[in-house]
Amino acid sequence: MSINQGEIWLVEFFPNVGQEISKTRPAVVVNDDKAGKLNLRTIVPITDWKDNYRYFPWMIEINPDEINNLTKTSAIDCFQVKNYSTVRFKKQIGTVSSDLIFKIHQTITKTLNSRYSLSLN
């Protein structure tokens, strides 16, 4: 099964622990297609959009369209970046643009780099 950067897949996030995201939900594949030899992909989950997320700089709003095939306004949660087995990937539902992948990468970098911790805009 080919799973590539920029694709949105339905992924099984359970079992979860503590406040980790759970359920089967969409996620964006963010790793480079050539990275790694294991059947793992780096992903960020997509969750329902809530108005207070606009104050959380690690959340990126994404609106549904015919390319991403989401059904409602959602949030890409760049704080919960994960490496998951491709066995958890159930169905590809859409894709995102290379510009959005770049924005996701920038946001992930900011969550990992302490010099950006006060300016995550």
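Let's start at Asp48, which is partly exposed, with a relative accessible area of 34%. On that scale, buried is under 20% relative accessible area, exposed is over 50%, and partly exposed is in between, using a 1.4 Å probe and protein chains only.

A word on the model. It is predicted, so local features need pLDDT of at least 70 and side-chain atom pairs count only at pLDDT 80 or more, while totals for chains, interfaces and linings use all residues. Residues are numbered from 1 along each chain as its sequence is written, and side-chain values use heavy atoms, with hydrogens and water left out.

Back to Asp48. Its partner in a salt bridge is Lys72, with the closest N and O atoms 3.0 Å apart. Asp48 sits in strand 3 and Lys72 in the loop between strand 4 and strand 5, so the pair ties together parts that are 24 residues apart in sequence. Lys72 is partly exposed too, at 42% relative accessibility. By salt bridge I mean a side-chain nitrogen of Lys or Arg within 4 Å of a carboxyl oxygen of Asp or Glu. Strands (E, at least two residues) and helices (H or I, at least four) are DSSP runs, numbered from the N terminus.

How many salt bridges does that rule give? The count is three. Another one joins the side chains of Lys90 and Glu12, at 3.8 Å, N to O. Lys90 is in strand 7 (residues 89–95) and Glu12 in strand 1 (residues 7–12), so this pair links parts 78 residues apart in sequence. Lys90 is partly exposed at 44%. Glu12 is partly exposed at 24%. Then there is Arg54 with Asp51, closest N and O atoms 3.2 Å apart. Arg54 and Asp51 are both exposed.

Now the inside. The largest nonpolar core has 16 residues. Such a core is a set of buried Ala, Val, Leu, Ile, Met, Phe, Trp, Tyr and Cys residues joined through side-chain atoms within 4.5 Å. Among those with the most contacts inside this core are Val28, Val44, Leu100 and Ile104. Strand 3 (40–48), strand 4 (59–62) and helix 1 (98–112) each supply at least two of its residues. Helix 1 gives the largest share, four residues. Apart from this core lies another, of ten residues, including Phe13, Ile21, Ala27 and Ile43.

Take Ile104. Beyond four places in sequence, Ile104 touches Val28, Val30, Val44, Ile60, Ile76 and Cys78. Contact here means heavy atoms within 4.5 Å.

Next, helix 1. Which of its residues are buried? They are Leu100, Ile101, Ile104, Thr107 and Ile108. These cover an arc of only 125 degrees around the axis, which puts them on the same side of helix 1. The arc is taken from the directions from the helix axis to the C-beta atoms. On the other side, Ser98, Asp99 and Phe102 are exposed. Strand 2 (24–29), strand 3, strand 4 and strand 5 (74–77) are among what covers the buried residues.

Thr107 belongs to helix 1. Thr107 is buried, at 10% relative accessible area. Leaving aside neighbours within four places in sequence, Thr107 contacts Pro57, Trp58, Ile60 and Cys78.

Last, Asn31. Where is it? Asn31 lies in the loop between strand 2 and strand 3. Asn31 is buried, with a relative accessible area of 11%. A polar atom of the Asn31 side chain lies 2.9 Å from the backbone nitrogen of Thr42. Not counting residues up to four places away in sequence, Asn31 touches Gln5, Arg41 and Thr42.

Notes
Polar contact = N/O pair within 3.5 Å; in protein donor to acceptor, adjacent residues only side chain to side chain.
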